[in-house]
Amino acid sequence: MDIQRIKQLEILFGNEKQFFVDGYYRIRSLDDKQKEIAYLLPDACGASVVHPQITIEEVDGSFIPVKLIDMATSPTQLVYRKEDNVVFLEDKLEELVTRFEQINQ
């Protein structure tokens, strides 16, 4: 994932979740190399549920997805990057980033 694409989203969406149209959006830095990008659904108790939350890590000038959590699926998903799921994680990251970009239009 292109670093500039994520940096553009960071300008629009911050560390705190913000409600836009259909749910909450958030991008926060975990450290100097990792970020967490999340779409959250409001739940009946006034809290929110990640759907999904993806941890990305800067590697060689781009971001790669290293972990996905989705608490709104059944069964819930917790996926760590391994050889056999790289494409799945990259596809989920692309879908999530596209969702952020579309909500901003």
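Biologist: Which residues form one aromatic cluster?

Modeller: This is a predicted model. In it, Phe13, Phe20, Tyr25, Tyr39 and Phe100 make up one aromatic cluster. The structure holds 7 aromatic pairs.

Biologist: How is a pair of aromatic rings described?

Modeller: By two values: the distance of the centres and the angle of the planes. Now take Phe20 and Tyr25. Their ring centres are 6.0 Å apart, and their planes stand at 75°. An angle over 60 degrees counts as edge-to-face, so the Phe20–Tyr25 pair is edge-to-face.

Biologist: Is Tyr25 buried or exposed?

Modeller: Buried. Its relative accessibility is 0%. The cut-off for buried is under 20%. Phe20 is partly exposed, at a relative accessible area of 26%.

Biologist: What are the distance and angle for Tyr25 and Phe100?

Modeller: The centres lie 4.9 Å from each other, with 80° between the planes. This aromatic pair is edge-to-face. Both Tyr25 and Phe100 are buried.

Biologist: Where do Tyr25 and Phe100 lie?

Modeller: Tyr25 is in strand 2, residues 23–29, and Phe100 is in helix 2, residues 86–104. The pair therefore ties together parts that are 75 residues apart in sequence.

Biologist: Which charged end sits over the ring of Tyr39?

Modeller: That of Arg99, 3.8 Å from the ring centre. Tyr39 also belongs to the aromatic cluster.

Biologist: And what sits over the ring of Tyr24?

Modeller: The charged end of Lys17, at 4.7 Å from the centre of that ring.

Terms used
Residues are numbered from 1 along each chain as its sequence is written. This is a predicted model: local features need pLDDT of at least 70, side-chain atom pairs count only at pLDDT 80 or more; totals for chains, interfaces and linings use all residues. Side-chain values use heavy atoms; hydrogens and water are left out. Rings of Phe, Tyr and Trp (its six-membered ring) pair if their centres lie within 6.5 Å; planes under 30 degrees apart count as stacked, over 60 as edge-to-face and the rest as tilted. Buried means under 20% relative accessible area, exposed over 50%, partly exposed in between (1.4 Å probe, protein chains only). Helices (H or I, at least four residues) and strands (E, at least two) are DSSP runs, numbered from the N terminus. A charge sits over a ring if NZ of Lys or CZ of Arg is within 6 Å of the ring centre and within 35 degrees of the ring normal.
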